[in-house]
Amino acid sequence: MSAAGQWFGWAVGAAVFAALTGVLAKVGVRGIDSNFATLIRTIVITVILAGIVAFTGAWSNPLALPKKTLLFLILSAFATGASWVCYYRALQLGDVCQVVPVDKASVVLAILFAALFLGERPTLRDWTGAALIAAGVFLLALKR
């Protein structure tokens with residue numbers, strides 16, 4: 001398979017692991033502070049990624065990166081951290097069946113932000129899919 005076609009397998013893996021994250025985190029946040037749970041998750045991820053970077057020889061001096069690259073990676077890290085803090089607290093307070101669909105509204109927002117800030121041009125099919133996702137988010141998030 002060409003490198004261009006490999007994205008789908010990785011995206012499916014991301015979806016499977018994201019689905020497991022919600023279920024496993026819901027059990028993990030019982031009885032502890034959600035921020036502390038997020039810290040534990042972050043430490044584990046840091047150790048795993050350090051091992052992957054070391055094993056694959058991908059390490060380079062982060063200070064040698066272009067300043068724009070470093071800035072946007074740092075801003076992305078802040079966004080990720082804020083997302084995780086909100087996600088874990090929401091899981092502590094709500095059902096997985098309600099929290100996870102709302103979290104996946106990020107798909108719709110990412111398409112919108114990519115169009116607004118990156119100049120991407122989603123097709124009518126893309127916008128229709130995003131609208132269906134948004135409708136599904138609201139349907140699943142409604143209190144039963």
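User: Which residues form the largest nonpolar core here?

Analyst: A nonpolar core gathers buried nonpolar residues joined through side-chain atoms within 4.5 Å. In this predicted model, the largest such core has eight residues: A25, V29, A37, Y87, Y88, L91, V99 and V100.

User: Take V100. What is V100 in contact with, leaving aside neighbours within four places in sequence?

Analyst: Contact means heavy atoms within 4.5 Å. By that reading, V100 touches G22 and Y87. Y87 is itself a member of the core.

User: How many helices and strands does the protein chain have?

Analyst: Six helices and zero strands. Read from the N terminus, the order is α-α-α-α-α-α.

User: Among contacts between residues at least 6 apart in sequence, what share joins residues at least 24 apart?

Analyst: In this protein chain, 71% of those contacts do.

User: What share of the residues is buried?

Analyst: Buried means under 20% relative accessible area. Of the 144 residues in the protein chain, 15% qualify. The chain exposes about 10,800 Å², and carbon and sulfur atoms supply 76% of that area.

User: What box do the C-alpha atoms fill?

Analyst: Roughly 50 × 45 × 30 Å, taken along the principal axes.

User: And the charges: how far apart are the mean positions of the positive and negative ones?

Analyst: The protein chain has 11 positive and 5 negative charges, and their mean positions are 2 Å apart.

Methods. Residues numbered from 1 in each chain as written. Predicted model: local features only at pLDDT ≥ 70, side-chain atom pairs only at ≥ 80, totals over all residues. Heavy atoms only, no water. Buried < 20%, exposed > 50% of the residue type's maximum accessible area, 1.4 Å probe, protein only. Helix = DSSP H or I, 4+ residues; strand = E, 2+ residues; numbered from the N terminus. Areas by Shrake-Rupley, 256 points an atom, 1.4 Å probe, with all protein chains shown as cover. Lys, Arg positive; Asp, Glu negative; His and termini not counted. Charge placed at Lys NZ, Arg CZ, Asp CG, Glu CD.
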